[in-house]
Amino acid sequence: MKRYFQLNGQILYWLWLGPWKKQPPKVSHIFHQLIRIGVEALPMAALTAFSIGLTLAMQGAHELQRMGAGLYVPNLVAVSLLRELGPLLVAIIVIGRSGSAITAELGTMKVSEEIEALGVMAVNPIRFLIVPRFVAMLVMLPVLTVFGNCVGMVGGWTICHFALDMNTAAFVLRAIEAAQVGDLYSGLAKSVVFAWLIVTIACDAGLKVEGGAEGVGLATTHSVVYSLLAILVANAILTALFFFI
Amino acid sequence: MTPSPPSTHLPTVNTEADPIIEVRGVVKKFGQRTVLNGVSFRVFRGETLVIMGGSGCGKSTLLRHLIGSLKPDAGSIRIFGEEITDLSESEMDRIRRRFGMLFQSGALLQSLTVGENVALPIQEHSRVDDAIVELMIKMKLELVGLTGFEDLKPAEISGGMKKRVALARALALDPELLFSDEPTSGLDPVMTAVVDKLTQDLTRKLGMTAVVVTHDMTSAFRIGTRLIMLGTGPHQGKIIAEGAPEEIKNHPDPMLQQFIKGEADGPIPLRLSKGDYLKRLLGETTG
């Protein structure tokens, strides 16, 4: 636990003080990570969000139509996606694809002495390896979340349009009416917190690896499990905060 | 400047100069196991010190102390006249910029190409423009006979080639001091000779200092201006012999002779507990 907080401290130190010490993180490394964490996750995030949009609309329609409130399906889809499911599901996808990859990659580098070699070349591994991943994750998870929200709405629209015979204009109007700007911001605030948790837990697990391939496997499992737990707990806490304040 | 302490038993090449490395009474324990037990030696400018010893004698551990990856439990290590055992990481980095290290496995960054690996220390520690970096990469790769491999990934080249790339990387900033962990293991005889010749040229012509850990006796006697041997078993973690190549070759210690000649059985027994092997084997079953 202490190591985890130290890692957070070191990341912030290099992020803010690196440029002052004439050792800023490499822009090319940040872009490389932006692509790996963000751009390459687009198809997966899209498919997940689309399925969830469909599901939400179908489940919602089933219940709401019984009460004669079928018109409110877009409201339901918009609010649940923006506030809750968008950030959460995209975070889960990113844990599975990028969190695990970061841990496995850093763990392998640790095992093959690459991280020690960086240290011996007087290249700080936190600055060189961790900060670019941290920045990329903090930028890309919210971006993916917004993207996921949009695709999820398309999923909802698909059901409303084709199964409930709602016209597109009505869907859009109702969705916009239901969703407050605050909902979008609360969802984005969540995704920033999730991004922080995912990338720090993944890096910490990777840097701690000892003892070969088995160690890398264990660390990857830990990284994924702890990230999931952490974001679900954080989600509950944040939702409570937004709910009561 | 610190005055060099009077030397009594160390054969020194040039006593007037301050030593580049001075190790005194270094002790390191991992749990119950004492890996280094009072190791002391000095290395002077332009020397090539070869550290020999059987597997598990603490050669690599000793090297890890010299590069500041491990801290000793007791004793002092001075590099370029500075005590490194109580330096902070950022102060240690200042020292690290002055030496190169060749890891046993090479430890190249797998995500970068060969050229980028060699360029890494140059780009991190100096401000030169890309054209010059490019040129420096070419020069360093030429030194180790790997011109034209810049764009391959480490996974696409052989183990021996990786090692040579790692050597090029260690030499990228023209260090004053080079540490090598098994520089020639995995190389063919010709490449071993090339790497040895390179080390010799750099130390004799350019005054670089080298500390080499090796098992390869031919190469040890070829490049070493002074050799030390770390003991195993009862002598674990102690220097059991030190001297110029000729002195070591004619050393009376039978254990050292066995090691140099590469004999399977001798003072270093085939089984560490030869005598009570039967007893242990049968004792547990028959009581």
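Modeller: Let us begin with a definition: two residues are taken to be in contact when their C-beta atoms, placed from the backbone, lie within 7 Å. Please also keep in mind from the outset that this is a predicted model.

Biologist: Then let me try a case in chain B: against which helices do the buried residues of helix 3 of chain B pack?

Modeller: They pack against helix 4 (130–143) and helix 5 (159–170) of chain B. The buried residues of helix 3, which itself covers residues 114–125 of chain B, are Val114(B), Gly115(B), Asn117(B), Val118(B), Ala119(B), Leu120(B) and Pro121(B).

Biologist: How should I read the sheet in chain B, and what is the order of the strands in the open sheet?

Modeller: The open sheet has six strands in the order 6-7-8-3-9-10 of chain B, and the pairing within the sheet is mixed. Strand 6 (99–102) and strand 10 (239–243) of chain B each have a single partner strand and therefore stand at the edges, with one side of each left without a neighbour in the sheet. From one strand to the next the twist averages 15°.

Biologist: In what sense do strand 6 and strand 7 of chain B pair, and over how many bridges?

Modeller: Strand 6 of chain B pairs with strand 7 of chain B, residues 177–181, in the parallel sense and over four bridges. Within this pair of strands, Gly100(B) is found opposite Leu178(B) of strand 7 of chain B.

Biologist: Turning to chain A, how many helices and how many strands are there?

Modeller: Chain A has nine helices and zero strands, and along the sequence its pattern reads α-α-α-α-α-α-α-α-α. The C-alpha trace of chain A spans about 70 × 40 × 35 Å along its principal axes, and 45% of the 245 residues of chain A count as buried. If one takes the contacts in chain A with a separation of 6 or more, 86% of them join residues 24 or more positions apart.

Biologist: How do I read the packing of two helices, for instance helix 4 and helix 8 of chain A, and at what angle do they pack?

Modeller: The general idea is that a packed pair is described by the angle between the two axes together with the distance between them. Here helix 4 (residues 73–111) and helix 8 (residues 181–207) of chain A pack at an angle of about 15°, with their axes 8 Å apart. Since angles under 35 degrees count as roughly parallel, helix 4 of chain A is roughly parallel to helix 8 of chain A. The crossing of helix 4 of chain A past helix 8 of chain A is right-handed, and the residues of this contact comprise 17 nonpolar, eight polar and five charged.

Biologist: And at what angle do the axes of helix 6 and helix 8 of chain A cross?

Modeller: The axes of helix 6 and helix 8 of chain A cross at roughly 150° and come within 8 Å. Because angles over 145 degrees count as roughly antiparallel, helix 6 of chain A is roughly antiparallel to helix 8 of chain A. This crossing, too, is right-handed. Residues of helix 6 of chain A, including Phe134(A), Met137(A) and Leu141(A), meet residues of helix 8 of chain A, among them Leu188(A), Trp196(A) and Val199(A); by class, the residues of this contact are 14 nonpolar, three polar and one charged.

Biologist: Where is the place of Asn167(A)?

Modeller: Asn167(A) is in the loop between helix 6 (125–162) and helix 7 (168–178) of chain A, and with 10 C-beta neighbours inside 10 Å Asn167(A) counts as exposed. The C-alpha atoms of Asn167(A) and Ala49(A) are separated by 22 Å, the two residues being 118 residues apart along the chain.

Biologist: Finally, how many residues of chain A are in contact with chain B?

Modeller: The contact involves 10 residues of chain A and 14 residues of chain B, and the side belonging to chain A has five nonpolar, two polar and three charged residues.

Terms used
Residues are numbered from 1 along each chain as its sequence is written. Chains are lettered from A and ligands numbered from 1 in the order in which they are written. This is a predicted model: local features need pLDDT of at least 70, side-chain atom pairs count only at pLDDT 80 or more; totals for chains, interfaces and linings use all residues. A residue is buried if 20 or more other C-beta atoms lie within 10 Å of its own, exposed if 12 or fewer, and partly exposed in between; C-beta atoms are placed from the backbone. Ala, Val, Leu, Ile, Met, Phe, Trp, Tyr, Cys and Pro count as nonpolar, Asp, Glu, Lys and Arg as charged, and the others, Gly among them, as polar. Two strands pair if DSSP finds at least two bridges between them. Axes are lines fitted to C-alpha atoms, for helices over the stretch in contact, and angles run from 0 to 180 degrees between N-to-C directions. Angles under 35 degrees count as roughly parallel, over 145 as roughly antiparallel, 65 to 115 as roughly perpendicular and the rest as oblique. A crossing is left-handed if the near helix is turned anticlockwise from the far one by less than a right angle, and right-handed if clockwise.
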